[in-house]
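Take a walk through this fold, from its overall size to single residues. Start with the strands, then follow the helices and the space between them.

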Amino acid sequence: MSRGTFVTFEGGEGAGKSTVVPKIAKDLEEKGYETLVSREPGGVASAEQIRAILLGDQEQILDEYTEVLLFAAARRQHLVEKIIPALEAGKVVLCDRYLDSSLAYQGYASGVDMEQVKMINMFAVQHWLPERTIFLDLPVEIGLSRITKNAREENRLDQAGIDFHERVREGYQLLAKEDPERYRIVQANQSMEQVEKAVLQYIQEVLG
Ligand SMILES: Nc1ncnc2c1ncn2[C@@H]1O[C@H](COP(=O)(O)OP(=O)(O)OP(=O)(O)O)[C@@H](O)[C@H]1O
Ligand SMILES: [Mg+2]
């Protein structure tokens with residue numbers, strides 16, 4: 001049993017995950033919680049190398065099962081090296097993407113069989129599921145326009161069609177519905193301050 005609290009952030013591109021996570025960490029630190037912020041895929045050296053294979057080369061076409069396995073492998077290593085030790089030390093772990101990203105992107109949007117994606121990912125994480133998953137929900141066009149507007153470096157996934165991103169969003173909405181205990185949906189089309197406030201409230205529900 002870990003003493004910490006595991007929180008993950010999910011949502012499509014441009015939803016605001018990477019923007020809100022450090023703000024929440026600061027809020028929690030101010031309230032006296034020790035936090036660890038990390039992101040997927042990556043977060044530790046070997047997983048960053050896998051990330052480079054997954055998101056780096058725009059020309060490279062990966063088999064869809066290979067992609068599921070690589071995400072799961074990076075997830076496992078990151079979990080073991082970074083997340084579990086922090087939870088065992090009693091920290092609040094805030095992770096930008098986790099297994100639900102695979103379920104929404106590979107299992108729902110890309111059309112690899114959802115049950116198989118779940119099986120591979122449950123093998124990778126064993127019983128280490130987050131206590132809370134914050135889904136930042138945002139219309140696809142808004143998310144994508146935020147990214148282009150701010151000229152964030154485009155990766156391979158950004159170039160997939162808008163239909164793909166619509167399916168990702170639908171996938172998350174279904175996952176949230178299936179697991180209302182763990183999931184909380186935050187409307188991401190609000191000011192950053194409003195998003196931050198909603199997220200913080202939902203996390204405080206699970207802090208002892
Ligand atoms: N509530 C908000 N209102 C307006 N702009 C926002 C808001 N939240 C984030 N942004 C801006 O939108 C852009 C994308 O945000 P961010 O990088 O946090 O998204 P993300 O969910 O991490 O996306 P990705 O999945 O691509 O990493 C950033 O430039 C950020 O400043
Ligand atoms: Mg991000």
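Two strands count as paired if DSSP finds at least two bridges between them. This is a predicted model. By that rule, strand S1 (residues 5-10) and strand S3 (residues 92-96) pair, with 5 bridges in the parallel sense.

How many strands form the open sheet, and in what order? There are 5, arranged S2-S3-S1-S4-S5, and the pairing is parallel. The edges are strand S2 (35-39) and strand S5 (183-187), each of which pairs on one side only. From one strand to the next, the twist averages 20°.

The protein has 8 helices and 5 strands in its secondary structure. Along the sequence, the pattern reads β-α-β-α-α-β-α-α-β-α-α-β-α. Helix H1, residues 17-30, lies across S1, S2, S3 and strand S4 (132-137). Its direction is at about 170° to S3.

Next, the overall dimensions. For 208 residues, a compact globule would have a radius of gyration near 17 Å. The protein has 16 Å, which agrees. Along the principal axes, the C-alpha atoms fill a box of roughly 45 × 35 × 30 Å.

What about empty space inside? Rolling a probe the size of a water molecule over the atoms shows where such space is left. The structure holds 1 cavity of 30 Å³ or more. The largest cavity contains about 120 Å³ of space. Its lining is made of 16 residues. Nearest its centre lie Gly12, Glu13, Leu138, Val140 and Arg169. Which elements give two or more residues to this lining? They are S4, helix H6 (140-149) and helix H7 (162-178). H7 supplies the largest share, with 4 residues. By class, the lining of the largest cavity divides into 9 nonpolar, 4 polar and 3 charged residues.

For a sense of distance, compare Arg184 with Thr66. These two residues are 118 residues apart in sequence. In space, they are 30 Å apart, C-alpha to C-alpha.

Finally, look at the backbone in two loops. Glu40 and Pro41 are joined by a cis peptide bond, with omega at about -15°. Pro41 has its place in the loop between S2 and helix H2 (45-55). The other case is Arg97, in the loop between S3 and helix H4 (99-109). Arg97 is not a glycine, yet its phi is positive, at about 80°.

Definitions and conventions
Residues numbered from 1 in each chain as written. Chains lettered and ligands numbered in written order. Predicted model: local features only at pLDDT ≥ 70, side-chain atom pairs only at ≥ 80, totals over all residues. Heavy atoms only, no water. Axes fitted to C-alpha atoms, helices over the stretch in contact; angles between N-to-C directions. Contact = heavy atoms within 4.5 Å. 1 Å grid on protein atoms, 1.4 Å probe; cavity = no way out; pocket = protein on both sides within 12 Å on 5 of 7 lines; lining within 4 Å. Points joined across faces, edges and corners; volume = space filled by probe spheres on them. Nonpolar A, V, L, I, M, F, W, Y, C, P; charged D, E, K, R; others polar. Rg over C-alpha atoms; globule rule 2.2 N^0.38 Å.
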